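Subject: A structure for you to look at

Hi there,

Here is the structure I promised to pass on to you. Have it open while you read, and I will go through what turned up in it.

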Amino acid sequence: MFRAGKDRCRGLLSSAEDERAARRSEKTLLSPFIGRPASDGRQWNAMKRRIQCSLCGDAGYIIDKNNEFCVARLCACQKRCAVCGGSGYIYEKQGGYEVVRECSCTARSRRIRLFNAARIPARCDGTFDNFTPRSKEMELAKMTAAATAQGYQKEHPSRGFIISGPVGTGKTHLLCAALRWLTLEAGVTARYVEISFLYSEIKDGFSHGQSVLEALQPLIEPDVLAIDEIGRGNCKGFELETFDELIARRYNTRKTTILATNFRLGDKRPAGSNYHDPIEAQASPYLVDRIGPRSWSRISEMCHCLEIPPETEDYRRL
Ligand SMILES: [Zn+2]
Ligand SMILES: [Zn+2]
């Protein structure tokens, strides 16, 4: 099971819940000291001082959700910055000159905009902290996703990752936790897309005179792109060409791409199979037969391959 609420102050809070959350948060913060002798008073006070805002845990932002997406907003404690007075800039003396530099509160607002532009689905509010692996393969997937996000350098984009596994093994959770870290902690441009939604969005765009390339542009530009549920759909004609084009663009621009799929990685098919046959290919459990060898070859070069065994149970049914 995924444990909820570990990131207490950064968790999902609606405006109406803020006050109750603050009380819960205060209680959680102080709970290690409840029942301790009075001699712990100094430590108690130090702990209390360390976290100034019980709503956001001093993160400066709170994550809410609307009908579709997770939405970050500035915490009330940041509404008027004590450092810059709300102007967003600080004036400093340097070598006899007065220079202006950006206050950290401006960077925070920009990172909130990056998070909101990533379009993380409302159901995916997970973080690395509240992902509980149930097997060594899930542990490796978590470690790889965290290392990719936390070690990301814009100047030297890192290799992405692809996680394969059955439903309910936390693949989307890890994709979204990586995007959350990249936008809010690292200030990186990022975007999430579920492949079948992308196809229907592009088809909708046709009726407004939009080309496939115009529709793909917002997915080519971000530093990091997460594509979920790859291999779904009929994987023929328009869908196959669109997916090939997107992967080719990401590959050519050397941008980090992270992916998740229910299909198996690798291409060790059972003896006697003929997946060149379109009907057999539709029934294949392997991703390569769904997306074709060209995209698979690029993905295996761009990404660390992680496979959660097919027999792993769906956490929603446990
Ligand atoms: Zn706050
Ligand atoms: Zn400021």
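Which residues point one way from strand 7, and which the other way? Val 224, Ala 226 and Asp 228 point one way, Leu 225 and Ile 227 point the other way, and all are buried. A residue is called buried if 20 or more other C-beta atoms lie within 10 Å of its own, exposed if 12 or fewer do, and partly exposed in between, with C-beta atoms placed from the backbone. Helices (H or I, at least four residues) and strands (E, at least two) are DSSP runs, numbered from the N terminus.

Before going on, some ground rules. This is a predicted model, in which local features need pLDDT of at least 70 and side-chain atom pairs count only at pLDDT 80 or more, while totals for chains, interfaces and linings use all residues. Residues are numbered from 1 along each chain as its sequence is written, and chains are lettered from A and ligands numbered from 1 in the order in which they are written.

The overall picture

The protein has eleven helices and nine strands. Of its 318 residues, 31% are buried. Two residues are in contact if their C-beta atoms, placed from the backbone, lie within 7 Å. Among the contacts with a separation of 6 or more, 73% are between residues 24 or more positions apart.

The strands

Let us return to strand 7 (224–228). Strands count as paired if DSSP finds at least two bridges between them. Strand 7 runs parallel to strand 6 (residues 190–194), joined by five bridges, and Ala 190 stands opposite Val 224 there. Strand 7 also pairs with strand 8 in the parallel sense, over four bridges, with Ala 226 opposite Ile 258.

For a contrast in direction, look at strand 1 (residues 61–65) and strand 2 (residues 70–74), which run antiparallel and are joined by five bridges. They form a hairpin with four residues between them, and Tyr 61 stands opposite Leu 74.

Helix 4

Helix 4 covers residues 136–150 and reaches 21 Å from its first C-alpha to its last, close to the 21 Å expected at 1.5 Å a residue. That expected span is 1.5 Å times one less than the number of residues. Its buried residues are Met 138, Ala 141, Lys 142, Thr 144, Ala 145, Thr 148 and Ala 149. Seen down the helix axis, they fall within an arc of 165°, so they line one face of helix 4; the arc is that of the directions from the axis to the C-beta atoms. An α-helix has 3.6 residues a turn, so residues three or four places apart point the same way.

The core

A nonpolar core is a set of buried Ala, Val, Leu, Ile, Met, Phe, Trp, Tyr and Cys residues joined through C-beta atoms within 7 Å. The largest one has 59 residues, of which Leu 175, Ala 178, Leu 179 and Leu 182 touch the most other members. Helix 5 gives the most to this core, with nine residues. Domain 1 (8–34 + 41–114) and domain 2 (124–317) both contribute, so the core lies between them; these bounds come from an automatic or database domain assignment. Beyond its neighbours within four places in sequence, Leu 175 is in contact with Tyr 192, Ala 226, Asp 228, Ile 258 and Ala 260.

- Glu 229 sits in the loop between strand 7 and helix 8 and has a positive phi of about 65° although it is not a glycine.
- Arg 254, in the loop between helix 8 and strand 8, has a positive phi of about 55° and is exposed.
- Asn 262 is 95 residues from Val 167 in sequence, yet their C-alpha atoms are 6.8 Å apart.

Happy exploring!
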